[in-house]
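Please have a look at the model first.

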Amino acid sequence: MKTYLIKNTTIINEGKRTEADLLIRAGKIEKIGQQLSVKENAIEINGENQVLIPGVIDDQVHFREPGLTHKATIYTEAKAAVAGGVTSFMEMPNTNPPALTQELLEEKYAIGKRSSLANYSFFMGTSNDNYEEVMKANAKKKDVCGVKIFMGSSTGNMLVDNALVLEKVFAGTELLIATHCEEESMIKANLAALKAAKGTLEPADHPIIRNEEECFESSFKAIQFAKKHNSRLHILHISTAKELQLFGNMLPLEDKRITAEVCVHHLHFTSDDYAALGNKIKCNPAIKAPHNRKAIWEALLDDRLDVIATDHAPHTWAEKDEPYEKAHAGLPLVQHSLSLMLHYVQEGKISLEKLVEKMSHAVATCFQIENRGFIREGYQADLVLVDLNESNTVTKENILYKCGWSPLEGFTFPASVTHTFVNGHLVYGNNGFDESQFGERLQFNR
């Protein structure tokens with residue numbers, strides 16, 4: 001395995017900026033210090049005028065394999081991820097077939113092992129009738145990121161709406177429970193009422209159908225279950241101002257039993273963007289009115305919201321370019337999440353230190369990931385070099401998603417990822433890939 005010496009860079013880690021060199025040997029961060037040198041041959045990288053950050057850990061992606069590989073594969077989307085500075089991901093169970101048994105779950109891990117350029121973990125799926133299989137995941141809590149419950153239906157038929165099942169899963173699961181919280185009965189009622197009122201629906205109706213109230217009701221329900229059973233609950237993609245009253249910032253993250261994630265698209269887009277982008281930004285939960293984005297940003301910065309993710313959910317352009325009701329919900333983002341947040345660093349909305357906290361440190365803490373998410377000696381060398389002065393524009397030609405499109409096409413980011421290391425392997429550098437080594441299965445200190 002190659003040894004790398006990154007010289008004269010600015011390390012952003014644990015709230016501090018440090019001018020230093022960093023030595024990578026045998027896949028790990030061996031030494032951080034001033035004017036480092038090594039006796040053996042090391043590949044030297046000049047990190048001058050660049051920042052070195054921990055690799056981004058995305059706790060919510062949909063890479064569509066198995067069964068939906070016309071949209072994406074673990075290989076294609078992990079490749080896009082590392083080009084964007086994402087070195088680890090946690091993938092959702094609503095594939096085809098869904099990961100509802102331990103055997104099906106392990107089949108996904110096998111695909112990751114042989115094809116993912118990034119580190120990987122896969123959520124165990126929950127349905128109304130697989131309680132026994134979910135409980136088997138308790139024996140694998142060091143090897144599996146968590147249990148996923150769709151409390152609102154989305155892509156794939158995995159809605160869990162049986163209160164008795166929910167009660168049992170919250171009571172019995174020893175892993176982190178990640179929830180998609182939307183109240184299905186309210187969505188159906190809103191849809192029926194709007195169709196009766198106006199007939200043909202359009203993308204701008206999406207946040208009216210999937211509104212603030214239904215998100216709040218479902219998140220409130222999940223928190224009631226979690227508090228009753230002292231479950232470790234993590235609510236995904238918070239999209240409303242109203243839900244923020246459910247979360248606190250009085251405890252350090254490692255002591256929280258209830259945490260929350262925000263996604264980059266809810267930090268960037270608002271309902272004002274449906275006019276220009278239409279179904280490109282149709283997703284569940286919906287992108288909503290501007291006051292929600294403002295409140296979400298405030299909650300992210302004051303630590304009521306704990307981590308930033310993507311909910312990367314690719315569909316083919318043909319699947320998106322349908323009339324509103326038929327168009328699939330979800331948008332591809334994993335290649336551009338770090339770049340988008342660096343745009344907000346430049347805008348003065350968030351500091352670079354806070355970005356690293358929310359996209360790396362906090363995800364590692366939240367999930368108790370072993371030896372990743374921080375730049376520390378002895379940790380796995382999942383590292384990203386960023387040139388804050390090298391702009392790049394999203395074009396059809398540089399999009400790596402299998403689906404081939406992005407809602408950010410034409411957007412110019414102020415900064416660029418120049419190098420991505422995964423377990424000390426330079427998988428992406430100077431716009432090229434070295435695919436000779438795949439990522440590793442994430443491990444958890446539980």
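Let me begin with a definition: a charge sits over a ring if NZ of Lys or CZ of Arg is within 6 Å of the ring centre and within 35 degrees of the ring normal. By that criterion Lys 282 lies over the face of Tyr 324, at 4.4 Å from the ring centre, and Lys 168 lies over the face of Tyr 131, at 4.2 Å from the ring centre.

A word on the source: this is a predicted model, in which local features need pLDDT of at least 70, side-chain atom pairs count only at pLDDT 80 or more, and totals for chains, interfaces and linings use all residues. Residues are numbered from 1 along each chain as its sequence is written, and side-chain values use heavy atoms, with hydrogens and water left out.

Now to the ring pairs, where rings of Phe, Tyr and Trp (its six-membered ring) pair if their centres lie within 6.5 Å, and planes under 30 degrees apart count as stacked, over 60 as edge-to-face and the rest as tilted. The structure holds 14 aromatic pairs. One of them is the edge-to-face pair of Tyr 109 and Phe 122, with 5.0 Å from centre to centre and 85° between the planes. Tyr 109 counts as buried because its relative accessibility is 3%, where buried means under 20% relative accessible area, exposed over 50% and partly exposed in between (1.4 Å probe, protein chains only); Phe 122 is also buried, at 0%.
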